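Subject: Structure for you to look at

Hello,

Here is the structure I promised. Please open it next to this message and follow along.

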Amino acid sequence: QLLGISRTLVSDIRAVQHQAVTSRQKCWIDLDADHGGYSVWMAVSNDVGRLFRQVRFPASVRFGSALGVKGPPSNPAEITEQDGITFRDNRVVFIPNGGLATGGGAIYLTDDPAGKGTKAITVTVLGHARLYSWIGGEWR
């Protein structure tokens, strides 16, 4: 389930980026750590959005990582965000040029308290999304 949810989120991130470029409007994803899921929003005009879809995680999947998992994948150090989301206000916002208005960040998902099932999704300021897996004490 973790791999499927992670891939779906990466796909939605890429779709939101594409929609921002083609519609020439801001589009965003709100990440909901409290309820375990996210919402995809498409701008109608001037930061007014229309809910496009909501995704709720299965009970076994949550934002965050287990003890011992270090991030971000590009420069592993201790993960500082307790909810596993480094984006400001837990929102990934794409602007019409395809880049991020919120700056780059990472999203961590896990289904395993031991950390073996932890995934990371990074998004650069230019909008490139990548999925990593924590395997054997390192990101791959």
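Salt bridges first: the count comes to 4. The model is a predicted one, so please read every value below as computed from its coordinates.

One of the bridges pairs Asp30 with Arg91. Their closest N and O atoms are 2.5 Å apart. The two residues sit far from each other in the chain: Asp30 is in strand S1 (residues 27–32), Arg91 is in strand S7 (residues 91–94), and 61 residues separate them. Arg91 has 32% relative accessibility, so it counts as partly exposed.

Strand S1 also supplies Asp32, which meets the side chain of Arg56 in a salt bridge. Here the N to O distance is 4.0 Å.

Glu138 and Arg140 form another bridge, with the closest N and O atoms 3.0 Å apart. Glu138 is partly exposed at 40%. Arg140 is at 53% and counts as exposed, because the cut-off for that class is over 50%.

On charge overall, the protein chain carries 15 positive and 12 negative side chains. The centres of the two sets lie 8 Å apart.

Now the fold. The protein chain has 1 helix and 11 strands. The C-alpha trace spans about 45 × 30 × 20 Å along its principal axes.

Of the 140 residues, 44% count as buried. Among contacts with a separation of 6 or more, 47% are between residues 24 or more positions apart. The chain exposes about 7500 Å², and carbon and sulfur atoms supply 49% of that area.

Which residues does Ile121 touch, leaving aside those up to four places away in sequence? The list includes Ser6, Leu9, Val10 and Ile13. It also includes Gly105, Ala106, Ile107 and Leu109, as well as Arg130 and Leu131. Ile121 lies in strand S9 (residues 119–123). Its relative accessibility is 0%, so Ile121 counts as buried. Tyr108 is 13 residues from Ile121 in sequence, and their C-alpha atoms are 6.5 Å apart.

Last, some backbone points to check on screen. Most residues other than glycine have a negative phi, and most peptide bonds are trans.

- Gly71 and Pro72 are joined by a cis peptide bond, with omega about 0°. Pro72 is in the loop between strand S5 (70–71) and strand S6 (77–78).
- Arg24 is not a glycine, yet its phi is positive, at about 55°. Arg24 lies in the loop between helix H1 (2–23) and S1. At 68% relative accessibility, Arg24 counts as exposed.
- Asn90 also has a positive phi, near 55°. Asn90 is in the loop between S6 and S7. Asn90 has 18% relative accessibility and counts as buried, because that class means under 20%.

Best wishes

Notes: Residues are numbered from 1 along each chain as its sequence is written. This is a predicted model: local features need pLDDT of at least 70, side-chain atom pairs count only at pLDDT 80 or more; totals for chains, interfaces and linings use all residues. Side-chain values use heavy atoms; hydrogens and water are left out. Helices (H or I, at least four residues) and strands (E, at least two) are DSSP runs, numbered from the N terminus. Buried means under 20% relative accessible area, exposed over 50%, partly exposed in between (1.4 Å probe, protein chains only). Contact means heavy atoms within 4.5 Å. Accessible areas come from the Shrake-Rupley method with a 1.4 Å probe; for residues, only the protein chains shown count as cover. Lys and Arg count as positive and Asp and Glu as negative; His and the chain ends are not counted. The place of a charge is taken as NZ of Lys, CZ of Arg, CG of Asp or CD of Glu.
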